[in-house]
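User: I'd like to learn how to read a few features in a structure I've never looked at before. Could we start with how helices pack?

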Amino acid sequence: MKVSDNLVHIQTKIDEVCKKVGRIPNDVKIIAVTKYVSIQRATEAFEAGITHLGENRDDGLLSKYESLGNKPVWHFIGTLQTRKVKNIIDIAEYIHSLDRMSLADEIQKRASRKMKCLIQVNVIGEESKHGLSPEEALLFVQALREKNYDKIEVAGLMTMAPFTEDETVIRNCFKGLKELQQQIQEMNIPCMPCNELSMGMSNDFEIAIEEGATMVRIGTSLVGNESKI
Ligand SMILES: *Cc1c(COP(=O)(O)O)cnc(C)c1O
């Protein structure tokens, strides 16, 4: 399938969901997750009109950046080891995986501009997943406020829903992220607009949009997964 065909299909679904819940489709950014596909396929996605591309490893980001340069808006969506911050800091526009102070310290140290960071939250408390619990995220935000870092903007929150068929579980996860966003926004902290909710992937983006997602991270159903062929 061509990326452009997949994109039409996904955009149609997004438009339908937005209509249903009274949201504006333009308020939902599609991030094409290109981690499973070639540079050629990532280029095809960009040429199909998808300007936001996401990678979850520093080497993947670097190799695609070598071809596409600064034309796309790059999102780093994976677990980020502190020692790898320097590899991605000048390329990524958004980091979706801020989950500890040592990482914030390193971003502050290495960045040459203000970085848009999303705090990764493990809403349901799944053992296998990275991210802070909602309670920890609130404490983290307060600790970060004390630091007054000028290179870090808390642009929003990110979560991954559990891998399950149970829609209620998935929906509750997204609702939990939205509630946390409201709590953080009520704190009115400078440099923490927290407007973005990065939630929803191939299997659950429609539920995520119903619950307020502003960024959906879609890999398999948009660009495919070449590692599964
Ligand atoms: C791989 C990945 C995605 C995309 O997943 P698909 O199911 O292929 O759409 C989204 N978010 C993160 C953090 C990922 O690692």
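User: Which hand does the crossing of helix 6 and helix 7 have?

Analyst: In general, two packed helices are described by the angle between their axes and the distance between the axes. This is a predicted model, and in it the crossing of helix 6 and helix 7 is right-handed. The axes of helix 6 (residues 134-147) and helix 7 (residues 167-186) cross at roughly 25° and come within 11 Å. Angles under 35 degrees count as roughly parallel, so that's the label for helix 6 and helix 7.

User: Which residues make the contact?

Analyst: Helix 6 brings Pro134, Ala137, Leu138 and Val141, while helix 7 brings Leu180, Gln183 and Ile184. Sorted by class, that's six nonpolar residues, one polar and no charged ones.

User: Now arginine 41: is it buried or exposed?

Analyst: Buried means under 20% relative accessible area, and arginine 41 has 14%, so it counts as buried. You'll find arginine 41 in helix 2 (residues 39-47). Its side chain makes a polar contact with the side chain of glutamate 44, at 3.0 Å. Leaving out residues up to four places away in sequence, arginine 41 touches Met1, Lys2, Val3, Asn6, Leu222, Val223 and Glu226.

User: What about phi of asparagine 148?

Analyst: Asparagine 148 isn't a glycine, yet its phi is positive, about 55°. Look for asparagine 148 in the loop between helix 6 and strand 6 (152-158), where its 67% relative accessibility makes it exposed. Cysteine 191 also has a positive phi, near 70°. That residue sits in the loop between helix 7 and strand 7 (196-198) and, at 32% relative accessibility, is partly exposed.

Terms used. Residues numbered from 1 in each chain as written. Predicted model: local features only at pLDDT ≥ 70, side-chain atom pairs only at ≥ 80, totals over all residues. Heavy atoms only, no water. Axes fitted to C-alpha atoms, helices over the stretch in contact; angles between N-to-C directions. Helix = DSSP H or I, 4+ residues; strand = E, 2+ residues; numbered from the N terminus. Parallel < 35°, antiparallel > 145°, perpendicular 65-115°, else oblique. Left-handed = near helix turned anticlockwise from the far one by under 90°. Contact = heavy atoms within 4.5 Å. Nonpolar A, V, L, I, M, F, W, Y, C, P; charged D, E, K, R; others polar. Buried < 20%, exposed > 50% of the residue type's maximum accessible area, 1.4 Å probe, protein only. Polar contact = N/O pair within 3.5 Å; in protein donor to acceptor, adjacent residues only side chain to side chain.
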